[in-house]
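Here is a short tour of one protein chain, written for someone new to reading structures. Please keep the sequence and the 3D view open as you go.

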Amino acid sequence: MPLNFQRRLRREDYTIAWLCALHEIELPAARCMLDEEHQPPTQPPSDRNTYKFGSINGHNIVIACLPAQMTGLASAAQMVAPLDSTFPELRVYLFVGIGGGIPHDPNELSDQDLHLGDVVIGWPHTGGQQAVVGWDNAAWKSLSGFRGPRDPLKAHGIPSWRALGTLTSLLSDIKQGNVNFEKNIRRLDLVPGFGRPSRSLDTLYKSDYECQADQAEGSLCRCSKTQEVTRKQREESKTGLVFHRGTILSGNSFMMDPKTRDQLKEFYPDALCFEMEAAGLGADINALIIRGICDYSDSHVNRLWQRYAAGTAAAFAREMIRRSPNDTENKAQAKAQYYPFLSIGLRPGFFLQGNETDVWGRMTVPGMAIYEQIHDACASDAIGKVQMGDFRLQFRPEDRELVDESWLGVSGGSTTLQHGMTLAAIYLVHMRLYGRVPKRLLEIPQDKEGKKRRAILRRFAIWVPCNCKSDQCPCLWNFANRFGLCRNSAVTCQACQFNNEPELLLDYGLEDFRELKRKWEGSYVQG
């Protein structure tokens, strides 16, 4: 990664701490949400944490994550201990990650109809209720349900005034229909495995039914459907995700006992989530806790939802930060002027492997969310047309000759491009600047073959729903390359399985896949 592409700020320039616990799940999701990453500043020898640095909409953020295999309250306390001294201007703390859900009867409390992938914010609707409550599993069981002066649950303070102010503003915008988290969630395309699983894998079982599967054998519980709790099918959220406000219970052990879960729910009716770190932050760190629900706190552990749940929590946190007021006195708190393609997952040599030369046929788009961000920044009308002059300004002056070549290579000389062709031009810039792909491999000829390629690229911005047999499959498809591009790839999608291994015997075949491609080819393109 070219270091001259990154800014290096002072420790005093960072005002938001993004805390997470799982380096393989929560940390990649957090980094996907950054507009840019920074080089690390100098760090005091007494601070043993490892940080990542970046910004969102001009807000400078330090990401702290627990070391591998070091989850729990004590580890969280150790992680946050040096933050204030190392970064003296921190004003907002967000603890973002996954948690186990506490399901409620949707017929009684419709706003607490919790599903996997939903987001829980530690801020209850009911006045006087605590945002985070620490609890001890052994102490709770030893009391046999007695809850009096020896109550093993310990309440913690409310999140900071600044965080709650931003959250209140965001909630108001959501009610007005002015928020869509979908673009944030799409940023998860940058790393594999963070797509949304099929809703058919969101199963809540009865509290008295133990999991029959050996969890060591795999991550998918396939217990008897006769033991499922019947729930009404919920409509898809118009904002891109569903979130809830409630109390978060924090302890040192995983909650996998539905009976204890339900007992605690009776005692804390606003409780919606279990997790393992928040209560370790201490009274001085008034963090807002944001958790994506990955299971139902029972023995039916479903690890398939962990990555997506981490992603939805991160998407909510990004939107909060993006809408936070800027500190006008902090000159370093400014947006990156240009787009240097520094997002995680985009590395030199990413586009082509070995001796491959078919750049367009082998096209991959994990950076599509970044491409769309650049397009939106310079689009001049409602249908997404972009002027060449506005496009050039999104990139560094020293790169603009290359940018012009990429634009003209796609446009054939036009100074205006519609949405799909603009994304294709950004793709060329990315391959030239960062993928180090030679110019000769990127040229679109001025013959019949070139005309065909441009016709395909006009649909580069169009994604059609999957036609596989999986229930409510979340996959979206685009055929700008020769083998098909899939966003939000789901493990249950038969179209994905067929595309990767066509020799598999599936209830989905070549003709189904061709029909999917024809659907994309027949899509309407404005402009």
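The report below goes from the whole chain to a few of its parts.

## The chain as a whole

This is a predicted model, where local features need pLDDT of at least 70 and side-chain atom pairs count only at pLDDT 80 or more, while totals for chains, interfaces and linings use all residues. Residues are numbered from 1 along each chain as its sequence is written, and side-chain values use heavy atoms, with hydrogens and water left out.

The chain has 15 helices and 16 strands; helices (H or I, at least four residues) and strands (E, at least two) are DSSP runs, numbered from the N terminus. Of its 527 residues, 55% are buried. Buried means under 20% relative accessible area, exposed means over 50%, and partly exposed is in between (1.4 Å probe, protein chains only). Among contacts between residues at least 6 apart in sequence, 74% join residues at least 24 apart; a contact means heavy atoms within 4.5 Å.

## The nonpolar cores

A nonpolar core is a set of buried Ala, Val, Leu, Ile, Met, Phe, Trp, Tyr and Cys residues joined through side-chain atoms within 4.5 Å. The largest one has 120 residues, and Trp18, Phe316 and Phe391 have the most contacts inside it. Apart from it lies another core of 18 residues, among them Trp477, Cys496, Phe498 and Phe513.

Which residues does phenylalanine 391 touch, leaving aside its neighbours within four places in sequence? They are Cys378, Val386, Val403, Trp407, Thr422, Ala425, Ile426 and Val429.

## Helix α11

After α11 comes glycine 412, with a positive phi near 70 degrees.

Leucine 22 sits in the loop between β1 (16-20) and α1 (26-32), and threonine 71 in the loop between β4 (59-65) and α2 (73-80).

Not counting residues up to four places away in sequence, leucine 22 touches Leu27, Cys65, Thr71 and Ile98. Leucine 22 and alanine 310 are 288 residues apart in sequence, and 9.5 Å apart in space, C-alpha to C-alpha.

## The largest cavity

On a 1 Å grid over the protein atoms alone, a cavity is a set of points where a 1.4 Å probe fits but cannot get out, and lining residues have an atom within 4 Å of a point. There are 3 cavities of 30 Å³ or more, and the largest has a volume of about 160 Å³.

The largest cavity is lined by 15 residues, with Ile16, His59, Val92, Arg162 and Ser324 nearest its centre. The largest share of the lining, 3 residues, comes from α5.

Technical notes:
1 Å grid on protein atoms, 1.4 Å probe; cavity = no way out; pocket = protein on both sides within 12 Å on 5 of 7 lines; lining within 4 Å. Points joined across faces, edges and corners; volume = space filled by probe spheres on them.
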